[in-house]
Amino acid sequence: MARQGRCSASLVVLASTLLVITISLHFKTTQAANFTVGDTSGWTFNTQSWADGKKFKVGDMLIFNYDPSLHDVATVDASSYDGCATSPNSTIYTSGKDTVKLKKGQNYFICSIPSHCDWGLKLAVNASS
């Protein structure tokens, strides 16, 4: 009987350990990721293709690094993105080191400085659940 008790206790410890490892791996894979827009170049002209091939999830953070005397970052809707204009619903960031959390679906960003968006300073990112 004593042997059976030790074996059962060992199985409980093993099962508990596996459960903790499984939960830890799950949380590790569901944590939000940070992406620096434009990588080392930062938020600047010709960053539209920066997102190509990257997989974004809801809650991931986009980090916009730029010279605030030259650019800003505005979150916009699809029509504002296409028209390169902000709306009253736009949020405009101006610190030069801005972090924006992605929401589900398309997320649109432009520079609101006149002509910058028209010259390609815009980004569309799709975040899945």
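Reply: Let us begin with a term: helices of at least four residues and strands of at least two are runs assigned by DSSP, and they are numbered from the N terminus. With that in hand, we can say that Phe64 lies in strand E3. Please keep in mind throughout that this is a predicted model.

Me: How many helices and strands does the protein chain have, and what pattern do they follow along the sequence?
Reply: The protein chain has 2 helices and 8 strands, and, read along the sequence, they follow the pattern α-β-β-β-β-α-β-β-β-β.

Me: How should I read a sheet, and what is the order of the strands in the open sheet here?
Reply: The general idea is that strands of a sheet pair through backbone hydrogen bonds, either parallel or antiparallel. In this structure an open sheet of 3 strands has the order E1-E3-E6, and its pairing is mixed. Strand E1 (34-36) and strand E6 (97-101) are the edge strands, each of which pairs on one side only. Neighbouring strands of this sheet are turned by 25 degrees against each other on average, with direction ignored.

Me: Which strands run parallel, and which run antiparallel?
Reply: E1 and strand E3 (residues 61-65) run parallel and are joined by 3 bridges, and one example is Asn34, whose bridge partner in E3 is Met61. E3 and E6, on the other hand, run antiparallel and are joined by 5 bridges; here Phe64 has Asp98 as its bridge partner in E6.

Me: Let us return to the residue we started with: is Phe64 buried or exposed?
Reply: A residue is called buried when its relative accessible area is under 20%. Phe64 has a relative accessible area of 0%, and therefore it counts as buried. Leaving out residues up to four places away in sequence, Phe64 touches Val37, Trp43, Val73, Gly96, Lys97, Asp98, Val100, Phe109 and Leu123.

Me: What can be said about burial and contacts for the protein chain as a whole?
Reply: Of its 129 residues, 32% count as buried. Among the contacts between residues at least 6 apart in sequence, 68% join residues at least 24 apart.

Me: Which residues have the most contacts inside the largest nonpolar core?
Reply: In soluble globular proteins, nonpolar side chains tend to be buried together. The largest nonpolar core here has 18 residues, and those with the most contacts inside it are Trp43, Trp50, Phe56, Leu62, Phe64, Phe109 and Leu123. E3 and E8 are the elements that give two or more residues to this core, and E8 gives the most, with 3 residues. Apart from this core lies another, of 6 residues, among them Ala74, Tyr81, Ile110 and Cys117.

Me: How should I read a loop residue, and where does His116 lie?
Reply: His116 lies in the loop between strand E7 (105-110) and strand E8 (122-128), and it counts as buried because its relative accessibility is 11%. A polar contact of 3.0 Å joins the side chains of His116 and His71. Beyond its neighbours within four places in sequence, His116 is in contact with Phe45, Leu70, His71, Cys111 and Leu121.

Me: Which residues have a positive phi although they are not glycines?
Reply: Asp39 is one of them, with a phi of about 50 degrees; it is placed in the loop between E1 and strand E2 (56-57), and it counts as partly exposed because its relative accessibility is 46%. Cys84 has a positive phi of about 55 degrees and lies in the loop between helix H2 (78-83) and strand E5 (91-93). At 21% relative accessibility, Cys84 also counts as partly exposed.

Notes. Residues numbered from 1 in each chain as written. Predicted model: local features only at pLDDT ≥ 70, side-chain atom pairs only at ≥ 80, totals over all residues. Heavy atoms only, no water. Pairing = 2+ DSSP bridges. Axes fitted to C-alpha atoms, helices over the stretch in contact; angles between N-to-C directions. Buried < 20%, exposed > 50% of the residue type's maximum accessible area, 1.4 Å probe, protein only. Contact = heavy atoms within 4.5 Å. Polar contact = N/O pair within 3.5 Å; in protein donor to acceptor, adjacent residues only side chain to side chain. Core = buried A, V, L, I, M, F, W, Y, C linked by side-chain atoms within 4.5 Å.
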